[in-house]
Amino acid sequence: DDYRNCQDRHDDEHVLPKKSLRSFVNYNDTSVNKSDVYFRVIQSMSTKKNNSSNPNITAPTPPILVEVINARNPENYEYTVTISSNKIYTGTALQVKSTKHNATNSFRHIFRWIPSFPGEYKIFVHQVLNGVHKDPLNRQPTPLVSPSPLSIIVGQQKGGGNVFEISSEATMERIEDRIRKSVPCQTVNRVDAYSKWSGDWVGPDTPFQDHSIRTGWRFLPRDMGCHIESFSRRDLLSISKKKSIWVLGTSVFRGVFLSLVDLILSPDEKEELSSSVIGKCWGRALIKKGNLELVYQDFRAQMFEPFGSPKVMECHNEKIAKDADDSFIQNAADTWVEMFRDKDSWPDVIFMFVLYDNVGHGRDGLFFTHLEHFMSKIPPSWNGTLLLADRFWSAIGVTHRSYHKYHLYLEEINEMVHALNDTRVRWLDGMGISREMVMYSEYGPDGIGASQHFHGFCDVPYLEDMGQNNTMRVCGNVTEILGQLLLSHALGTKKQFDLEKLEEPKDEALEYCHACPLALTPFKLVAYPEVTCSEGKLHPRNDDEVYSFKAKQKICPQWCLEHEVDEVIPSQSDMINIRRCKVDLADVTTSSIESASAAKVKSQVTPAKDKPTKPIMHTFFESVVGGCCGMSQEQHEQLLKAWKESWEARGWETRILTAQDARKHKDFGTLEKKLISLEINEYNRRCYWRWLAMVEAGGGWISDYDVFPLELTAELGAEMGKNGTFKAFEKHVPSLIHASSNEWDRVIHLMMDLLPNKRADDTVISDMYSLLEVSKSSSKNSIVWSYRVKTSINYTKGSDSLSLDCSKYSKQLAIHFSHHLCKRAASAQVFPLANVTIDEAVARRAEAALLLMDDYRNCQDRHDDEHVLPKKSLRSFVNYNDTSVNKSDVYFRVIQS
């Protein structure tokens with residue numbers, strides 16, 4: 001055994017502790033078939049004595065490891081580990097793939113757990129067929145792995161058994177102290193802190209019943225320093241002012257809406273909830289009870305197209321879901337307009353599904369192009385909360401197969417939410433809450449991973465705080481705790497709420513409205529739907545309550561049904577085969593498709609994909625005779641040439657705008673007259689001109705000609721450019737911007753309006769300072785501000801050369817070779833050119849930028865070929881001539897470290 005532990009530590013030194021594993025507790029050899037899948041439980045030995053010089057410091061709890069041995073091939077199987085103590089605690093591993101064990105050539109899976117308090121626990125290990133959640137209509141069993149359930153004891157010796165160590169600091173009292181020192185979670189404003197939703201689920205047999213949900217369970221965030229407050233039915237009937245919560249998402253999100261509905265309705269009102277039109281809605285559902293309004297809208301972001309994408313007919317199974325001249329994303333945007341059409345009915349909280357499936361690949365274009373457009377519809381004066389989550393806020397998300405990817409996911413999400421630069425936005429990492437309850441989801445232990453639903457209809461009595469007997473009709477600890485989180489953002493802190501609530505609750509009549517089709521297919525998203533409204537208790541759905549899109553439901557034409565299936569999406573009602581069929585709208589309309597013969601219509605379909613057009617990167621340049629700003633005329637032109645070569649090497653077309661383009665704008669004379677009256681020099685006046693030139697150019701991308709591309713390839717630029725929202729990537733420094741022509745025009749007029757009538761002696765006036773004033777104004781929320789342009793040079797100084805620190809350039813769109821950057825780098829002796837003065841660094845920016853571009857490409861080379869290329873700097877590598885090589889064929893390059 002000890003020899004195997006040596007091998008374990010050698011093969012899994014990144015997971016297993018390096019201390020002796022002598023004290024590990026093994027399975028009962030006679031009860032386990034070692035030729036099959038099984039697991040064992042391991043704990044490293046800790047020294048009872050404290051090695052610290054401070055005797056008051058207690059040794060931490062050694063991690064308890066659950067190792068699955070002889071695991072099945074990860075291409076087909078995954079494993080979950082649940083550690084549970086009845087009515088006290090539950091904790092679950094991520095559902096992860098196993099790794100290969102080098103010594104035995106077998107697969108294994110190791111789960112690491114550190115208990116929060118002592119007690120008796122049971123360990124359950126389940127085997128899950130990989131991808132089982134993709135076909136909910138063909139649910140596969142999830143059998144237990146031997147010796148499940150295995151009983152263990154942590155920190156308590158009761159007549160032998162599998163006893164594990166725990167730190168003397170890990171106690172119930174310690175957790176109580178943690179709760180007392182925490183703040184309500186709705187008051188946590190930092191995005192990076194708010195998204196850390198790892199924690200402990202503790203049950204009704206623990207002393208933590210304040211703010212528990214109706215089942216007596218409570219979720220205690222571990223890293224956020226906060227606690228989730230809970231509101232009772234009595235509280236919800238005592239709301240003094242109108243409050244509104246919108247839930248936009250899939251049936252997973254619908255569970256949160258239903259938990260809130262179940263919480264506020266009386267026993268009589270919700271008796272038929274499961275069979276009512278509200279119980280399973282693939283459209284719009286609305287509940288009004290007293291001063292609380294709850295709205296659910298089926299909102300499937302995975303269906304949304306990028307803005308400006310080719311027009312296609314979309315068929316879901318045999319029905320047309322979207323005509324070629326229709327757009328899911330536009331309908332979604334219209335729904336946002338609908339939410340904010342009337343200030344008196346603005347939502348207090350929006351909980352929305354956002355598409356994010358790009359973990360490990362940096363910025364997700366669809367995340368931004370969708371969300372930025374939606375956020376542009378939010379009035380600047382709205383002071384509500386927008387909670388975002390991806391579609392897999394459960395333990396079966398395809399992007400969450402490992403702890404590494406999970407933490408990478410959190411890092412990237414934090415970065416993107418920060419880039420939105422809006423304090424009203426939060427990201428909800430539902431996995432941190434839901435993974436602990438994976439054994440108690442819709443299908444229970446026999447169907448782990450078969451469903452993302454953490455709610456289910458039930459019939460469980462409970463005593464509510466008004467002393468009345470009630471019955472839970474929707475059971476789900478995860479969805480109810482998330483519902484409480486939404487309520488806490490809508491109602492404020494419990495202390496604040498208690499000061500403002502009605503003296504006595506008012507149990508007013510229930511009002512509910514709906515526009516709910518019988519099934520998901522064909523998916524439709526309709527803003528301003530024609531809803532049917534009723535009063536009184538819910539009743540079973542009848543034929544009159546089936547919302548129909550029959551006026552738009554048409555049979556998919558045969559030529560499109562013969563098209564290859566583009567995507568298959570599971571739903572509760574059926575499996576959806578999605579076909580996206582391209583139509584030439586110049587020759588054919590929806591009505592002609594229906595009436596034409598299949599053969600005729602086929603001939604009107606575009607068989608091949610259009611050749612994509614390259615995006616254009618603009619810059620503005622007017623030659624200055626004799627030069628300026630520390631550079632000669634020739635050096636400016638060299639920098640412009642380097643800019644052009646670098647962007648084109650990244651796949652872009654380039655276009656150089658001039659004063660001639662700016663003068664085409666109708667307000668050029670007005671702006672120029674104003675600038676001259678303020679005694680603005682010619683250089684800074686030209687900086688304003690480029691804004692007018694971009695309006696006349698039709699909008700799009702522009703960069704200063706001392707800005708050079710890093711991750712901003714033409715492909716990424718095209719994706720990011722599908723939304724015309726004004727986006728500034730170096731905050732108020734206008735070095736890299738994208739916007740539509742209308743947005744360019746709008747913002748330059750904001751800047752013109754903010755120009756002073758008279759210039760003070762010490763006032764600096766430039767387009768950068770004007771944009772800074774715009775960022776301070778009330779219009780800032782209609783502009784997306786971010787820091788995605790690098791403003792420093794990071795080289796590591798060696799004995800005789802410089803080496804680019806590749807890690808410092810990750811996820812940066814471009815680098816700005818500004819005067820300030822060059823002077824600072826030369827002063828620190830990390831400028832790409834050796835032995836240059838500060839003035840020479842500014843003057844020779846073109847040479848320096850091209851050298852850094854070479855070094856940056858080497859970073860990418862080393863990332864892609866780290867198994868072949870030397871890990872030292874590749875500064876001197878000789879590359880192929882781009883124009884002479886067909887990169888789609890076999891070719892070679894020459895490299896030297």
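What percentage of the 897 residues of the protein count as buried? In this predicted model, whose residues are numbered from 1 along each chain as its sequence is written, local features need pLDDT of at least 70, side-chain atom pairs count only at pLDDT 80 or more, and totals for chains, interfaces and linings use all residues. Side-chain values use heavy atoms, with hydrogens and water left out. Of the 897 residues, 54% count as buried, where buried means under 20% relative accessible area, exposed over 50% and partly exposed in between, with a 1.4 Å probe and protein chains only. The accessible surface of the protein comes to about 40,200 Å², of which 48% belongs to carbon and sulfur atoms, as computed by the Shrake-Rupley method with a 1.4 Å probe. Among contacts (heavy atoms within 4.5 Å) with a separation of 6 or more, 72% are between residues 24 or more positions apart.

The protein has 24 helices and 38 strands, taken as DSSP runs numbered from the N terminus, with at least four residues of H or I for a helix and at least two of E for a strand. Eight of the strands form an open sheet of mixed pairing in the order β21-β20-β19-β14-β16-β15-β24-β25, two strands being paired if DSSP finds at least two bridges between them. At the edges stand β21 (425-427) and β25 (532-535), each with a single partner strand, so that one side of each is left without a neighbour in the sheet. Neighbouring strands of this sheet are turned by 15 degrees against each other on average, direction ignored. Within the sheet, β14 (residues 243-249) and β16 (residues 292-298) pair in the parallel sense over seven bridges, and serine 244 has glutamate 293 of β16 as its bridge partner. Helix α10 (residues 477-491) lies across β14, β16, β19 (349-353) and β20 (385-389), and runs at about 140 degrees to β14; such angles run from 0 to 180 degrees between N-to-C directions, with axes fitted to C-alpha atoms, for helices over the stretch in contact.

Cysteine 185 lies in the loop between β10 (183-184) and α3 (191-194), and counts as buried because its relative accessibility is 0%. Leaving aside neighbours within four places in sequence, the contacts of cysteine 185 include Trp197, Pro221, Cys226 and Leu485.

A further open sheet, of six strands with mixed pairing, has the order β29-β28-β30-β33-β32-β34, and its edge strands, β29 (653-657) and β34 (783-785), each pair on one side only. The twist averages 30 degrees from one strand to the next. Strands β28 (residues 616-620) and β30 (residues 699-703) pair in the parallel sense over two bridges; histidine 618 has isoleucine 702 of β30 as its bridge partner. Helix α15 (residues 633-649) packs on the sheet and touches β28, β29 and β30, its direction making about 150 degrees with that of β29. Helix α20 (residues 741-754) also packs on the sheet, touching β30, β32 (726-732), β33 (736-740) and β34, and its direction makes about 110 degrees with that of β33.

The axes of α18 (residues 682-696) and α21 (residues 767-776) come within 8 Å and cross at roughly 60 degrees. The two helices are therefore oblique to each other, given that angles under 35 degrees count as roughly parallel, over 145 as roughly antiparallel, 65 to 115 as roughly perpendicular and the rest as oblique. Cys687, Tyr688, Arg690 and Trp691 of α18 make the contact with Asp767, Ser770 and Leu771 of α21. Buried residues of α21 include Asp767, Leu772 and Val774, and what covers the buried residues of α21 includes α18, β32, α20 and β34.
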